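Subject: Structure handover, cavities

Hello,

Here is the structure for you to look at.

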Amino acid sequence: MVRTTVRRTGRGVAALAVVVPLLLTGVAACGSGSGAGDGDVTITFVWWGSDGRANLTKKAVELFQQKNPKIKVQTSFSAYAAYWEKLATQTAGGRPPDVLNVDTRYLAEYGGRGVLADLNQGAGKAVSLADVNPELAATGVYQGKRYAVPWAQNTPAMIYDPAAFTAAGADPAKGLTWQQYADATRKVSAASGFSARGTTDFGILDTTLEIWLRQQGKQFYTPAGKLGFAADDLRRYWQLASGFRDAKGASPADVTASYNTSPEQAPLGKKLTSSEFAYDNLLPAYQKANGKPLNVAPYPSDKAGDTGQYRRPSMFLAVSARSAQQEAAAKLVDFLVNDAEVGKIVGTDRGLAPNLKVRAQLAGSATGNDKTLYDFEAALEPKLGAAPPVPPKGAGAIQKLLQRTYEEVAFGRMSIDDAVNRFMTEAEKGLS
């Protein structure tokens, strides 16, 4: 079901949709249909993304159908937020798609409640991860069961306008300390007459908080599914972010509040800032939206060689535990992960190919932004740390809580101390 919580803020009444899958008992048992048999079968496959991603994905599916003529694949896609609302409705109605994309924030939610099939069992054994980095492959395992496999690899990074930062005397690609980044963003803002700030205010981003925590030797979530940081850690992070904003190096509150994870709607994409923390594979989309040549750089860090970054599954592929055609579904998943032609078709839209052999082939012939991304992650590879534990159930709601609470700080409606207390109280309650 979709439960809507109404919250009153300084801007009026805002409805926060909290997606809660309504599941029946014995879900896993409903997936007993395991084979395609000898006749033709039809499976459904859904994902989130833009029209451009949809076109690439449909080409990959068409190739699969050409090579597997007895399997028909019905596809659909949505924007990120709409995707999860629709998936919750489908799950509640007992008709989830056969193959679906899953975000790491929702893996425990859907896997832990029996919506997803264990790919270490039955038909799922057909999905080969032999050529996938073991650390990346392990990110799809929750409580000992492989509920999903990574379709691509990316890493959190900084996307920026090199011309603007060069003029400010900074080169993010070579690595900056947080103070050097703060100084550079102020200069970039001043050079534009403060019409475009140096960075998008990162206080709202759970991903940036996670990376910053890793630089401090901590983590966002513990393996037991609790917060891995204390109130003082969050206070220092929000003080850091607020310092950028107060010095006019980061976006003002109204711009920050309009932040959208779509590059086209994000402040950097709308030319309202000159850098933004995002996932590295979004570089081409940001560049297309912004219109200027952009580049990708590691996170600022006060510890040389330790940026806190890691190999991240940009999105997972999973099979419904209720699917009556699990063999066909698993065959599609294996194909999308391991087929070299698929790798060429989808490129770096979702990130680097998970199959290392396919990735090496593509890297050797890459040009333009694709080459930039392959070179960036290849240089970063020796410095990448182990991926964090799978986020617990409720991680999606925690993400929204962080953004909503920090906006109160940015607008001056709440002190950092009060905001920290509210976040920690509500987050710990939500995870209990």
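How many cavities of 30 Å³ or more does a search of the whole structure find? The search finds three. Please keep in mind that this is a predicted model.

**Largest cavity**

The largest cavity holds about 280 Å³ of space. Its lining is made of 18 residues. Closest to the centre are Thr-104, Glu-210, Tyr-310, Pro-388 and Pro-391. Two elements each give two or more residues to this lining: helix α7 (206-215) and strand β12 (312-319). Of the elements, α7 has the largest share, with three residues. By class, the lining of the largest cavity has 11 nonpolar residues, three polar and four charged.

**Second largest cavity**

The second largest cavity has a volume of about 90 Å³. Here 14 residues form the lining. Trp-151, Gly-343, Val-346, Ala-353 and Pro-354 are the closest to the centre of this cavity. Which elements give two or more residues to the lining of the second largest cavity? They are β8 (149-154), α11 (326-338) and α12 (340-346). The largest share, three residues, comes from α12. The lining of the second largest cavity divides into nine nonpolar, three polar and two charged residues.

**Where to look in the viewer**

Best wishes

Note on methods. Residues are numbered from 1 along each chain as its sequence is written. This is a predicted model: local features need pLDDT of at least 70, side-chain atom pairs count only at pLDDT 80 or more; totals for chains, interfaces and linings use all residues. Side-chain values use heavy atoms; hydrogens and water are left out. On a 1 Å grid over the protein atoms alone, a cavity is a set of points where a 1.4 Å probe fits but cannot get out, and a pocket is an open set with protein on both sides within 12 Å along at least five of seven lines; lining residues have an atom within 4 Å of a point. Grid points are joined across faces, edges and corners, and a volume is the space filled by probe spheres set on the points. Helices (H or I, at least four residues) and strands (E, at least two) are DSSP runs, numbered from the N terminus. Ala, Val, Leu, Ile, Met, Phe, Trp, Tyr, Cys and Pro count as nonpolar, Asp, Glu, Lys and Arg as charged, and the others, Gly among them, as polar.
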